Amino acid sequence: MSRSGGHCAFMHVPRMLQVDAIPIGSTVHTATGATASAPTFCERLQRLDPDAWQCLYCDHRRLMRGILAGHLGYRAELDDAVQQVFETAMLLVSRNRARLSGDPSGVRAWLAAIAVRIARTEARRVGKARLVDSVRDRDLVCPPSVEPEGYQLLEHALSILARLPERHRVPWWLRHIEHLTLEETATALGVSLATVKRRLQAADRRFQELAHRDHVLCEHLTQGGNHD
Amino acid sequence: MTERAAYERLLVELARLHERAIERTLASGQPSLAPALARVRSRSVEQALDYQRFRRARRVLMPIAAIVACLGLYAYVMASRHPIAVVATPDPSIVAPRKVAVAASAVSKAADPCSTHVRAAGNQPLIDDFEDANSVVSDIERRVGFWSLFSDNVTLGDILPLTPQTRPNASRSNRYALHAKGPELRDWGAVVQVSFQPACYDASVYDGIEFSARGPGRLYVGVREVKVVPIKWGGTCEDRCYDAHQKKIDLTSQWRRYSVVWSELHQRSYDSAALDPTRVNGIAFLIQAGDTPFDLWLDDIKFVLHTTQASH
């Protein structure tokens, strides 16, 4: 499934995204592979067309789930939060708080921004400890086929991550684990590109410091790891 | 392998493990967005209904608000052009100006209440003999007001008119008197009072005040000038109000007639001026907290004529 996904970018009205407009009538490819003109697909989304939103959902479901997992852990109810992200997005569109724009990548960052906000709210509610606790729940995280060392590595990495402040942890997660671009990360967090770079640098430095003190991660850092 | 490369390798490994964990949870997830979409649509419908209600309400309320605003504006304009006039009847007891413009909006805080004062003619000194058995002062020489009892354990909103009661030794010609009775008080005491309306009464044609009273204890008979009454009650006082011109009277357990001339009344403050009887706001019979509990009878309250011999 494609992760780039966005075919219409959304402009969140309170914070205008300065993007270049796609020429009207230009052709973009939807997630299902069908070809559609950009305005038509955007209009369908604007009218809350179920097929269009389902398409968007399928395209970005995994990404949203990944972002939310970085805050909430790998929980079965993660899907409720994903639904909440799209529900919020639809509400913003239906109430004209977000409107279409021409940037094809904008929708990804916009959905990521919504996911981060929802994740923060939810994480405050449930507490940070849940991030690590959920990893310890082996049945939730690891399929039976996953090697125990990999499971242990993830558990230790998330334990370290839980010790980072949120302003470092979230950009680190979006950039290194979800592979968002720096621009998308900045948009998702609502901060400048320079701020994201600075925070990422600080997060990397801190993560490495803590990883060197952790016997499992230290082994990977010194030996290059053995999970290829 | 450099440290940086090892770190990046670790990140790749973590991302791979995360991906597998996500795929694990993805299998149990909701594949459809239909429930969320249904919720959004229902909210949109509610939103639209709210807007419709708002529009309906606005359609009704806006004309009403416009009418009220127009009426208010019209009233304001009319009040400015044609002020409410208090026109005095051609009665010699009322001092000029005969026409006094008292536009409600034009009354300022510092306006002198005595610009509309009423002047006593000087031939009917009786203020009240209470034989009408009501709390309103006798309608003589355009004196208007009512008797009330106020004490330091009563809030302003609870002041009630003081109705005359049958005298202990009533006669056919003198049946009623004002009776004030109260418990021990701890602050400033109590007062039996009347305030004239309009707020300024010119009693300069008289020399003082006389009344019958019965104790026990003592009281201070006082005359309030406009300048000691707060602005909100029709006076001009802004600070240290209610310092009435007064004189102490020792009461006895028997009815006795007391007479006080203006020159015998003094304020408590050292720099007090003599009473100006042209600017009388009211009459007060004060009972200090030290003289409580009190049981006071008052009757036949009059101004003192020039010809009357002031005596105590």
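Trainee: With which side chain does the side chain of A:Q83 make a polar contact?
Mentor: A polar contact is a pair of N or O atoms within 3.5 Å; within protein, one must be able to donate a hydrogen and the other to accept it, and residues adjacent in sequence count only if both atoms are side-chain atoms. Here the partner of A:Q83 is the side chain of A:Y57, at 3.3 Å. A:Q83 belongs to helix α3 (residues 78-94) of chain A. Helices are DSSP runs of H or I with at least four residues, strands are runs of E with at least two, and both are numbered from the N terminus.

Trainee: What should I know about the model before going on?
Mentor: This is a predicted model, in which local features need pLDDT of at least 70 and side-chain atom pairs count only at pLDDT 80 or more, while totals for chains, interfaces and linings use all residues. Residues are numbered from 1 along each chain as its sequence is written, chains are lettered from A and ligands numbered from 1 in the order in which they are written, and side-chain values use heavy atoms, with hydrogens and water left out.

Trainee: Is A:Q83 buried or exposed?
Mentor: Buried means under 20% relative accessible area, exposed means over 50%, and partly exposed is in between (1.4 Å probe, protein chains only). A:Q83 counts as buried because its relative accessibility is 5%.

Trainee: Which polar contacts does the side chain of B:N174 make?
Mentor: One is with the side chain of B:D299, at 3.3 Å, and another is with the side chain of B:D300, at 3.5 Å. B:N174 sits in the loop between β7 (165-166) and β8 (176-182) of chain B. With 14% relative accessibility, B:N174 counts as buried.

Trainee: How do I read the span of helix α2 in chain A?
Mentor: The expected span of a helix is 1.5 Å times one less than its number of residues. Helix α2 (residues 50-72) of chain A has 23 residues, and a straight helix of that length would span 33 Å, but this helix spans only 28 Å between its end C-alpha atoms.

Trainee: Where is the kink in α2(A) centred?
Mentor: The bend at a residue is the angle between axes fitted to the seven residues ending there and the seven starting there. In α2(A) the kink is about 50° and is centred on A:H60. As for cover, 19 of the 23 residues of α2(A) are buried. Just after α2(A) comes A:G73, with a positive phi of about 90°.

Trainee: Which residue other than glycine has a positive phi near 60°?
Mentor: That is A:H179, in the loop between α8 (166-177) and α9 (182-189) of chain A. In chain B, B:Y242 has a positive phi near 65°, and B:Y242 lies in the loop between β12 (218-225) and β13 (245-250).

Trainee: Where should I look for cis peptide bonds?
Mentor: One runs from B:Q197 to B:P198, with omega near -5°. Another joins B:T292 and B:P293, with omega about 0°. B:P293 is in the loop between β15 (280-287) and β16 (294-304) of chain B.

Trainee: How many salt bridges are there over all chains?
Mentor: Side chains of opposite charge can pair when their charged atoms come close. A salt bridge is a side-chain nitrogen of Lys or Arg within 4 Å of a carboxyl oxygen of Asp or Glu. The count over all chains is 15. One of them is between A:D79 and A:R65, at 2.5 Å from N to O. A:D79 is in helix α3 and A:R65 in helix α2 of chain A, so the pair ties together parts 14 residues apart in sequence. A:R65 is buried, at 0% relative accessible area.

Trainee: Which residue forms a salt bridge with A:E209?
Mentor: A:R206 does, with the closest N and O atoms 3.2 Å apart.
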